[in-house]
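Please look through the two parts of this explanation with the structure open beside the text. It turns to a sheet and its helices, and then to the contact between the chains.

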Amino acid sequence: MEHTPFSVSAIREHFPALQQKVYGKPLIYFDNGATSQKPQVVLDTLAKYYAIENANIHRGVHYLSQQATSAYEAARRTIQQYIGAKGPEEIIFTKGATDSINLVAFSFGERLKPGDEILISAMEHHSNIVPWQLLCERKGCVLRVIPISKKGELDLEAFEQMLSERTKLLSIIHISNTLGTINPVKELIAKAHKVGAKVLLDGAQSIQHLAIDVKDLNCDFYTFSGHKVYGPTGIGVLYGKEELLETMPPYQGGGDMIAKVTFERSTYNSLPLKFEAGTPHIAGAIGLGSAISFLQSIDMQAAAAHELELTKYAQGILDTFEGLHIIGEAKNKTSVVSFTIDQMHPFDIGTLLDKQGIAVRTGHHCTQPLMDFYQIPGTVRASFAFYNTKEEIDTFVAALERSMQILGS
Amino acid sequence: MSIQEKQQEIIDEFAIYDDWMDKYEYIIELGKSVPTLAPELKTKERLIEGCQSNVWLATEIKDGKMHFSADSDAIITKGIIGLLIHVYNNESPETVVQSDLFFISQIGLAEHLSPTRANGLLSMVKRMKTEALHSLSK
């Protein structure tokens, strides 16, 4: 693929949100773990879709419907190619990563039996905990949690001991939204497969930072949200291996997902539509397709190196602050620096940074069990994207120093 | 001083700050000066859990007037608590129930009392009014 050389300043020009001031200060957006900003091309795609391409897809005989259907299906193929899936039938459009995980929990989970085990880790987001708890309540399955070290790395020995023929699914976060840890997923997947378990990778924080090749990873499911990868909100993706998706029952019933309906019984549409009941988020899917195309124009390897450099740079400076504790010091981590400061509440830090034009996230980041593990109420989290700069980190550090002065004096 | 006058006094005090950081520095100083709630008063019943910060509220009625004391784990929240307590304390339950807290938006802190803020403050104001209302029905 042809890329122009990686240039942060060139990339920034694509993002109108980054050009604004808040409270009279240039916005520094370090809340990318929550959601990313959108490039102009995605905004244009959405506007154009609603302005002149809007029609309901599939089954329409008229011109617009056919246009919209082609655009929707083209987006699916763009995503399929980007993550290296075998075919478009392996790409299911959902509302987001949470919806994707719930789909798997309900559909794949339907076949599970009492005593079957689902393995997650201690660093999961609530969206990769609660769907499995609900499943365990319905089916009498057992949820087991792989422990982590204080540094924020998985205990691989414990993981191996937990694997058995009872393990039916390993559902694990690829990159931790709170710690930034990049889990050694290839190794985990291979080991889980050895006992016959399937593996779901929660890619909500990895699709925007790493080159993803689902075939190479050999994961059975991969989930992500559009809005964290420069696309619209309300759209997400579930990748699943075709042969596995084929065996799974539908998750929701409705239009589009059926082949034939009678009052006696209905037969279901083929993949991927079997899992896309009702009118989907057409604009969202097309918008996500355009976000992914935008990424294809960027040297993502260089972008990942830049994000890693930002992470190391910020962590290196913050590490020298007295009373500041970095939460998540895994050897292999990226794009997230979470921290606490003695005697200072994350909410106070976040509020003062906000007034200086800096957007960070404070709180438990939807990982309450992880906060319990560290025995903290929450952290301040700066999370980076490829459009952030070292200069922004310098400004952030100065603003943090000022905030600490005010709070500490 | 009436509850309106107390609020106007706060608005006047804040008028001298045109920089956000100065305003917050003042709130933080205020937060540090609000007495800490005794640990035995920080019970589950008095806790108002917010997503971002927690608030504890203790209520007393002396001579027909409301007396609130409150605490928070976040100092900015505590500073705003200080302002709310100053406005409500020594007021009759009727006044508290009927009051309109116009000063909050006038000094630019409305965001802290918005339902989306989840810092416990909005729930605290609601509970202050509820407690005042209960005392009226007794």
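Two strands are taken to pair if DSSP finds at least two bridges between them. In this predicted model, strand 14 (residues 336–341) and strand 17 (residues 379–383) of chain A are joined by 4 bridges and run antiparallel, and within that pairing A:Ser338 has A:Arg381 of strand 17 as its bridge partner.

These two strands belong to an open sheet of 4 strands in chain A, ordered 13-14-17-16 with antiparallel pairing. Strand 13 (324–327) and strand 16 (361–363) of chain A each have a single partner strand, so they stand at the edges with one side left without a neighbour in the sheet. From one strand to the next, the twist averages 30°. Helix 11 (residues 300–318) of chain A lies across strand 13 and strand 14, running at about 15° to strand 14, while helix 14 (residues 390–408) of chain A packs on the sheet and touches strand 13, strand 14 and strand 17, its direction making about 15° with that of strand 14.

The contact between the chains takes 16 residues from chain A and 21 residues from chain B, and the area buried there is about 1,600 Å², with carbon and sulfur atoms giving 62% of it. On the side of chain B, B:Trp20, B:Met21 and B:Gln52 lose the most area to chain A, together 37% of what that side buries.

Across this interface the rule finds 1 salt bridge; A:Lys355 forms a salt bridge with B:Glu111, the closest N and O atoms being 3.2 Å apart. There are also 6 residue pairs in polar contact. Helix 2 (20–33) and helix 3 (75–88) of chain B each give two or more residues to the side that touches chain A, and helix 2 gives the most, with 8 residues.

Key
Residues numbered from 1 in each chain as written. Chains lettered and ligands numbered in written order. Predicted model: local features only at pLDDT ≥ 70, side-chain atom pairs only at ≥ 80, totals over all residues. Heavy atoms only, no water. Contact = heavy atoms within 4.5 Å. Buried area = accessible area lost by both parts, 1.4 Å probe. Salt bridge = Lys/Arg side-chain N within 4 Å of Asp/Glu carboxyl O. Polar contact = N/O pair within 3.5 Å; in protein donor to acceptor, adjacent residues only side chain to side chain. Axes fitted to C-alpha atoms, helices over the stretch in contact; angles between N-to-C directions.
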